[in-house]
Amino acid sequence: MIYRSDRDLTLPQPTAPALAVTSFFEYLVVVSLGKKRGQGTYEPQITYQFPKLANMELSQREEEEKSLKAILLFCFPEGVNWAPLTEYPSETFSFVLTEVDGSRKNGYCRRLLPHGKGARAPEAYCIISRVACFGLFSKIFDEVEKRRQISMAMIYPFMQSLREAPFPAPGNTVKIKSFIPESGTEIISLTRPLDSWLEHVDFRTLFHCLTNEEVLKVFASTVLERRIIFMAEELSTLSQVLHAVAALLYPFTWQHTFISIVPSVLIDVVMAPTPYLLGVQRSKLDDVTDQSDVSVCSIGDESTILPEKLQEELLQALCCRRDNSTSEELNKVVSEAFLSFFVKTVGHFSSHVKGSSGRQPGVFQKKSFCKASEHKASQHFVKRFIQTQMFDIFIQEVERRPTQEGFFHKKIAEYQESKKKEKAMRGERACGVNVGIFRQNEQLICHMLLKTTGIDQQ
């Protein structure tokens, strides 16, 4: 499935789910475009790095050297066909680096035209971090860019202060002191969003590019772990949309290939037979459609994957969002809508993990779980969803730790409590009706009895 955006955007960047980390970043690099000798093409090269590789341990240095090669590709995914420019709007985007052990690092990149006169090639600032919180790094880039206009040397003290600062807890703020010539000492406040699981998301770009119905089709395809390609020209649009789509899956996590911006040299990844979420620049459409194994059209069943009633509820919830809503307001409306979908379809999972006691892991009972779906219409979806890797990984963690607590579990408890109250109210109403009928019948029987015995005076 391929989704294209014909609208290029420059909007605030998304934020991401929280990770257990203690520092803001691992390193910062500046990537410039250098002209190849005797050729008219450019190639990306690292012109600045903090901290230096020489200051790292040998094993870490070897690993980072591999990452640096990948960073060059992601900072300038278009390839070598560049020309000097006099104007170039800055843009911020993100990508993910997957380590050998399966762990992931986040790459945040701001590309702009360096300070100077005349035509020149753009350069990119890239921060690599275990932290997934785009809002914070967008503000950090503002500070780095401001210092770069003065001198490259001004970046070092700021990044050093940032590196030494503790990463704040959700909702907390950390303050960084930084000196700038002619301005004096500045206090920079960096606040982490309160809802840590939405730190990497801003849904505005997604809903600007796609209609509510299209978003539901994308969601349906994603929960069944299909191959999905998104196309737009702006790198920021691609990265925001892909991270937003991945966030719709909460509390589940996309387990397959995820490349928010596919570099030209890696375009063959669209041929992979396994599930993926890919972001490809629209200028590469011909390269994508030339691959014989890729269909430009959707499969056609996307509107029938989700249970009809729940699909209608999702559409109704999405229609409640306001055009002028803030990022936080939109995040709340959208996230709660899709979280409610999972609560209603698979929120009863904990009742079907049997045999867990003490340190012994439990065993998930698939058959009883599927049969216990709240609505029969949901059973077909549930049977397909439990075959996905994202559900399998989720339930394995539940089997290991059956008594987990978290936002999803809180929402399940709230929903189950509301269902109990609703059931109790129905019971009271039914009881009231039965009592009324009984009393009417009692009066009728007594009336007949009195009449037959001749006592009735009426």
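Which residues make a nonpolar surface patch of about 240 Å²? The patch is made by Leu73, Val265 and Leu266, where patches consist of residues with over 30% relative accessible area and no salt bridge, nonpolar side chains (Val, Leu, Ile, Met, Phe, Trp, Tyr) being joined within 5 Å and like charges within 9 Å. A salt bridge here is a side-chain nitrogen of Lys or Arg within 4 Å of a carboxyl oxygen of Asp or Glu, and accessible areas come from the Shrake-Rupley method with a 1.4 Å probe, only the protein chains shown counting as cover for residues.

The model is predicted, so local features need pLDDT of at least 70 and side-chain atom pairs count only at pLDDT 80 or more, whereas totals for chains, interfaces and linings use all residues. Residues are numbered from 1 along each chain as its sequence is written, and side-chain values use heavy atoms, with hydrogens and water left out.

Leu266 lies in the loop between strand E10 (257-259) and strand E11 (276-281); strands are DSSP runs of at least two residues, and helices (H or I) of at least four, numbered from the N terminus. The accessibility classes (buried under 20% relative accessible area, exposed over 50%, partly exposed in between) use a 1.4 Å probe and protein chains only.

| Residue | Relative accessibility | Class |
|---|---|---|
| Leu266 | 34% | partly exposed |
| Cys109 | 0% | buried |
| Cys209 | 10% | buried |

The whole structure holds 0 disulfides, a disulfide being a pair of cysteine sulfur atoms within 2.5 Å. Cys109 is in none, the nearest cysteine sulfur, that of Cys75, being 3.7 Å away.
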